[in-house]
Amino acid sequence: MLMAHPSVLNTLVEKYAALAALGAELGDEQTRRRLEDVTYTLCVATGTRDIDSALAAARHRLPDARTLDDSPLTTRQQETVLPVGS
């Protein structure tokens with residue numbers, strides 16, 4: 001899968017956040033269309049099918065993303081392995 005450049009993802013996330021904050025889904029036709037376009041583009045750029053997954057994937061690919069797995073799907077803590085004889 002092709003990966004979008006982090007600056008592209010950052011721009012898309014910012015546009016989505018701005019349009020969502022304005023309540024674009026309740027706005028005029030042009031504004032709603034812009035929100036739909038940004039949503040679609042984010043999904044394509046991240047290889048996802050819904051906006052929540054797209055936003056999570058985009059944020060994980062940004063340079064300042066957390067390096068630790070903060071996935072809600074992780075069910076157990078990483079086990080600590082001690083050297084033999086400890």
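1. Let's start with Glu36, which you'll find in helix 2. Glu36 and Tyr16 are 20 residues apart along the chain, and their C-alpha atoms are separated by 9.2 Å. Keep in mind throughout that this is a predicted model.

2. Now zoom out to the whole chain. It has three helices and zero strands, so from the N terminus on you read α-α-α. There are 86 residues, and 26% of them count as buried. Take the contacts between residues at least 6 apart in sequence: 44% of these join residues at least 24 apart.

3. How far should you trust the picture? The average pLDDT of the chain is 80, and 71% of the residues score at least 70. Residues 74–81 are another matter: pLDDT is below 50 there, and beyond near neighbours in sequence the stretch has one contact in the model. Where pLDDT is low, the predicted coordinates should not be read in detail.

4. Next, look at how helix 1 and helix 2 pack. Their axes come within 10 Å and cross at roughly 145°, and the crossing is left-handed. Which residues meet there? On the helix 1 side they include Leu9, Leu12, Val13, Tyr16 and Leu19. Among their partners in helix 2 are Leu35, Val38, Leu42, Ala45 and Thr46.

5. Ala45, in helix 2, counts as buried because its relative accessibility is 13%, under the 20% cut-off. Leaving out residues up to four places away in sequence, Ala45 touches Leu2, Ala4, Leu9, Leu12 and Arg61.

6. Thr46 is buried, with a relative accessible area of 4%. The C-alpha atoms of Thr46 and Met3 are separated by 7.1 Å, although the two residues are 43 residues apart along the chain.

7. Then comes the loop between helix 2 and helix 3, where Thr48 has its place. Why does Thr48 count as buried? Its relative accessible area is 19%, and buried means under 20%. Not counting residues up to four places away in sequence, Thr48 touches Leu42, Cys43, Ser53, Ala54 and Ala57. The side chain of Thr48 also reaches the backbone nitrogen of Ala54, at 3.4 Å.

8. Finally, helix 3, which covers residues 51–61. At its start, a side-chain oxygen of Asp50 reaches to within 3.2 Å of the backbone nitrogen of Asp52. Which residues of helix 3 are buried? They are Ile51, Ala54, Leu55, Ala57 and Ala58. These residues sit on the same side of helix 3, because they cover an arc of only 165° around the axis. What covers them includes helix 1 (6–21) and helix 2 (29–46).

Definitions and conventions:
Residues numbered from 1 in each chain as written. Heavy atoms only, no water. Buried < 20%, exposed > 50% of the residue type's maximum accessible area, 1.4 Å probe, protein only. Helix = DSSP H or I, 4+ residues; strand = E, 2+ residues; numbered from the N terminus. Arc of directions from axis to C-beta. Contact = heavy atoms within 4.5 Å. Polar contact = N/O pair within 3.5 Å; in protein donor to acceptor, adjacent residues only side chain to side chain. pLDDT = per-residue confidence, 0-100. Axes fitted to C-alpha atoms, helices over the stretch in contact; angles between N-to-C directions. Left-handed = near helix turned anticlockwise from the far one by under 90°.
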